Amino acid sequence: MVVDDHPLMREGIAAVLPVSGRFELVAEAGDGREALEQFVRHQPDVVLMDLQMPVMNGLDAIVAIREIAPQARIIVLTTYKGDVQVLRALKAGAMGYLLKSMLRTELADAINRVVAGQRHIPPEIAIELAAHIDADALSARETEVLGLVADGNSNKRVAQALGIAEETVKAHMSTVLGKLGARDRTHAVTIAIRRGILEP
C-alpha cells in the first residue's frame with residue numbers, strides 16, 4: 001500500500017513497483033486516516049508511508065496501524081533526512097526509511113529487507129543519525145519556544161504567547177543554541193528544520 005497526499009507520487013511508485021515483478025500495489029491512500037481504513041480492508045504486506053500529510057500525518061498513522069497490527073511492516077518515504085524525524089519514525093514502528101529521491105534505486109531492496117524482518121536505513125541517513133546520537137534532545141518547552149521564534153516572534157511575544165517571563169524565554173533560547181550548536185536564533189531555526197525538530 002502506498003500512502004502519499006500527492007497523486008503523482010503514488011502514480012510514480014505504482015509505475016516503479018511492477019518492474020521488479022515481485023510486488024503488487026493493492027491499495028493507495030492520500031492521508032493517514034484513509035491509510036488506516038485501507039490497511040484494515042486490504043492487510044498489505046508492506047506499507048510505504050509519507051510523513052507530511054493532511055488530516056492525519058504519517059507518524060500518527062504508523063502508530064495507529066501498529067496498534068491494530070503490531071507485525072505491520074512500514075517503510076517511511078520522505079524528502080526529509082533529519083535525524084530527529086528518522087528517530088520519531090523508527091520509534092513509532094517504521095522498519096525502513098527512504099528518501100523519495102532514492103525510490104528508483106533502493107525501493108525494491110528496501111521492501112525485500114523489510115519483508116524479511118530486517119530494518120532498511122540507507123547509509124546517508126545512518127550517518128545523519130550517528131552524527132547526532134549523543135546530542136541533547138530539546139525539551140517540549142524548548143521546541144515550543146523555538147517554533148514560535150521560527151514564526152518570527154520576538155522574545156517578548158513568545159513570553160506572552162506562553163504565559164512565561166521574557167527572561168525565561170531568553171534562558172530557553174540560550175539552552176537551545178547550546179544544544180543545537182547554533183550561532184544565533186536564525187541558525188537554530190535552520191538546524192532545527194534540517195534535523196526534523198521543526199517542520200518546514
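Hi everyone, let me start with a working definition: a salt bridge here is a side-chain nitrogen of Lys or Arg within 4 Å of a carboxyl oxygen of Asp or Glu. By that rule, the structure above holds six salt bridges. Please keep in mind that this is a predicted model.

First up is the pair of Asp 4 and Lys 100, whose side chains meet in a salt bridge with an N to O distance of 2.8 Å. This one links distant parts of the chain, with the two residues 96 residues apart. Asp 4 sits in the loop between strand S1 (2-3) and helix H1 (7-16), while Lys 100 sits in the loop between strand S5 (96-99) and helix H5 (103-115). And are these two buried or exposed? Both Asp 4 and Lys 100 are buried.

Now let's move over to the helices. In helix H7, which covers residues 140-150, Arg 141 and Glu 144 are three residues apart, so about one helical turn separates them. Their salt bridge has its closest N and O atoms 3.0 Å apart. As for accessibility, Arg 141 is partly exposed because its relative accessibility is 30%, and Glu 144, at 39%, is partly exposed too.

Helix H9 (residues 166-180) has its own pair, Glu 167 and Lys 170, again three residues apart and therefore separated by about one helical turn. Here the closest N and O atoms of the salt bridge are 3.5 Å apart. Glu 167 has a relative accessible area of 54%, so it counts as exposed. Lys 170, at 38% relative accessibility, is partly exposed. Shared partners also matter in this structure: salt bridges join Asp 4, Asp 50 and Lys 100 into one network.

Where is Asp 50 in the fold? You'll find Asp 50 in strand S3, residues 46-50. Asp 50 is buried because its relative accessibility is 4%, and buried means under 20%. Setting aside neighbours within four places in sequence, Asp 50 is in contact with Val 3, Asp 4, Asp 5, Gly 58, Leu 77, Thr 78 and Lys 100. So that list includes both Asp 4 and Lys 100, the pair I opened with.

With 7% relative accessibility, Glu 142 counts as buried. What does its side chain lie 2.9 Å from? A polar atom of the Glu 142 side chain is at that distance from the backbone nitrogen of Ser 139. Beyond its neighbours within four places in sequence, Glu 142 is in contact with Ala 137, His 172, Thr 175, Val 176 and Lys 179.

Last stop, the second largest pocket, with a volume of about 280 Å³. Its lining has 16 residues, and the closest to the centre are Phe 23, Glu 24, Asp 45, Val 46 and Ile 111. Which elements give two or more residues to that lining? They are S3 and H5. H5 gives the most, with three residues.

Key
Residues are numbered from 1 along each chain as its sequence is written. This is a predicted model: local features need pLDDT of at least 70, side-chain atom pairs count only at pLDDT 80 or more; totals for chains, interfaces and linings use all residues. Side-chain values use heavy atoms; hydrogens and water are left out. Helices (H or I, at least four residues) and strands (E, at least two) are DSSP runs, numbered from the N terminus. Buried means under 20% relative accessible area, exposed over 50%, partly exposed in between (1.4 Å probe, protein chains only). A polar contact is a pair of N or O atoms within 3.5 Å; within protein, one must be able to donate a hydrogen and the other to accept it, and residues adjacent in sequence count only if both atoms are side-chain atoms. Contact means heavy atoms within 4.5 Å. On a 1 Å grid over the protein atoms alone, a cavity is a set of points where a 1.4 Å probe fits but cannot get out, and a pocket is an open set with protein on both sides within 12 Å along at least five of seven lines; lining residues have an atom within 4 Å of a point. Grid points are joined across faces, edges and corners, and a volume is the space filled by probe spheres set on the points.
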